Amino acid sequence: IPPPDLNSPALRLGGIACGRIGWYDYQKACGEILEYLFYPPLKTPIPESSNVPRINRRDFVVPNYAPDGFWHFMRLHYRADYIVVDAKNHCGEANKSHVLQLANYLSPHGTGLFGMIVTRNEMDRAGTYTCREQWMLHSKMIITLNDDDLRQMLESKKNGLDPEDLVRQKIEDFRIGM
């Protein structure tokens, strides 16, 4: 897969307005970036995926059939059979309600127990605490990637490095900080 055109309006993260006005462009950009960063070994992100009763609509579900490496480890240790990704184009910080929404999409008998919130900014304190609760009580690993993280991973990929190293580092920091 060729790298995304970082000059296109949809992928210039800094050029996409935060909030309601730019939500579609941001979600589209996130999907294209995730595909560029992780395909292969992950499969192409499935956008706007709903569960059977059509109650829950996930921004992206990324199938994980990796036979080895980091994503295989994630599947074995964090039940990351699928990676559920929620793109949040809010102008402020991601928060507790965003974490709970994503946690609601995760289940051991469905998508698995690993999800990522991709957001413009950092997670607030209540959201961070809720991520810890979800891990301790339900074994749901939820991490946050912000625009700076996406840029760093794109730069890593461009330089021949593994973009998933940042995901690994986020999980490591989370677990060591418990």
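Q: Where does Pro41 sit?
A: Pro41 is in the loop between helix 1 and strand 1. Helices here are DSSP runs of H or I with at least four residues, strands are runs of E with at least two, and both are numbered from the N terminus.

Q: What kind of peptide bond joins Pro40 and Pro41?
A: A cis one, with omega about 15°. The bond from Tyr39 to Pro40 is cis too, with omega near -25°. Pro40 lies in that loop between helix 1 and strand 1 (46–50).

Q: Before we go on, what sort of model is this?
A: This is a predicted model, where local features need pLDDT of at least 70 and side-chain atom pairs count only at pLDDT 80 or more, while totals for chains, interfaces and linings use all residues. Residues are numbered from 1 along each chain as its sequence is written, and side-chain values use heavy atoms, leaving out hydrogens and water.

Q: Big picture, then. How many helices and strands are there?
A: Six helices and five strands. Starting at the N terminus, the order is α-β-β-α-β-α-β-α-β-α-α.

Q: And how much of the protein is buried?
A: Of its 178 residues, 48% are buried. Buried means under 20% relative accessible area, exposed means over 50%, and partly exposed is in between (1.4 Å probe, protein chains only).

Q: Which residues touch the most others in the largest nonpolar core?
A: Trp71, Phe114, Met116 and Val167, out of 47 residues in that core. Helix 1 gives the largest share, eight residues. A nonpolar core is a set of buried Ala, Val, Leu, Ile, Met, Phe, Trp, Tyr and Cys residues joined through side-chain atoms within 4.5 Å.

Q: What does Val167 touch?
A: Skip residues up to four places away in sequence, and the list is Phe38, Phe70, Trp71, Phe114, Met116, Ile143 and Met153. Contact means heavy atoms within 4.5 Å.

Q: Ile143 is on that list. Where is Ile143 found?
A: In strand 5 (residues 141–146). Ile143 is buried, at 5% relative accessible area. Its contacts beyond four places in sequence include Phe114, Met116 and Lys170.

Q: How far apart are Ile143 and Lys170?
A: In sequence, 27 residues; in space, 7.0 Å from C-alpha to C-alpha.

Q: New topic. How do helix 5 and helix 6 pack?
A: Helix 5 (residues 147–158) and helix 6 (residues 164–176) meet at about 135°, with axes 8 Å apart. So helix 5 is oblique to helix 6. Axes are lines fitted to C-alpha atoms, for helices over the stretch in contact, and angles run from 0 to 180 degrees between N-to-C directions. Under 35 degrees is roughly parallel, over 145 roughly antiparallel, 65 to 115 roughly perpendicular, and the rest oblique.

Q: Which residues meet there?
A: Asp149, Gln152 and Met153 from helix 5 meet Leu166, Val167 and Lys170 from helix 6.

Q: How do helix 3 and helix 4 cross?
A: At roughly 30°, with the axes of helix 3 (residues 96–105) and helix 4 (residues 125–138) coming within 7 Å. That makes helix 3 roughly parallel to helix 4. Among the residues that meet are Val99 and Leu100 in helix 3, and Thr130 and Cys131 in helix 4.

Q: Cys131, buried or exposed?
A: Cys131 is buried, at 5% relative accessible area. Cys30 is buried as well, at 1%.

Q: How many disulfides does the structure hold?
A: One. The pair is Cys18 and Cys91, with 2.1 Å from S to S. A disulfide here is a pair of cysteine sulfur atoms within 2.5 Å.

Q: What does the pair tie together?
A: Cys18 is in the segment before helix 1 (23–38) and Cys91 is in the loop between strand 3 (82–88) and helix 3, so the pair ties together parts 73 residues apart in sequence.

Q: Why is the disulfide right-handed?
A: Because the torsion about the S-S bond of Cys18 and Cys91 is about 100°.

Q: How accessible is Cys91?
A: Cys91 is partly exposed, at 48% relative accessibility. Cys18 is also partly exposed, at 31%.

Q: Last one. What is the phi of Arg79?
A: Near 55°, a positive value in a residue other than glycine. Arg79 is in the loop between helix 2 (69–78) and strand 3. Ser139, not a glycine, has a positive phi of about 60°. Ser139 lies in the loop between helix 4 and strand 5.
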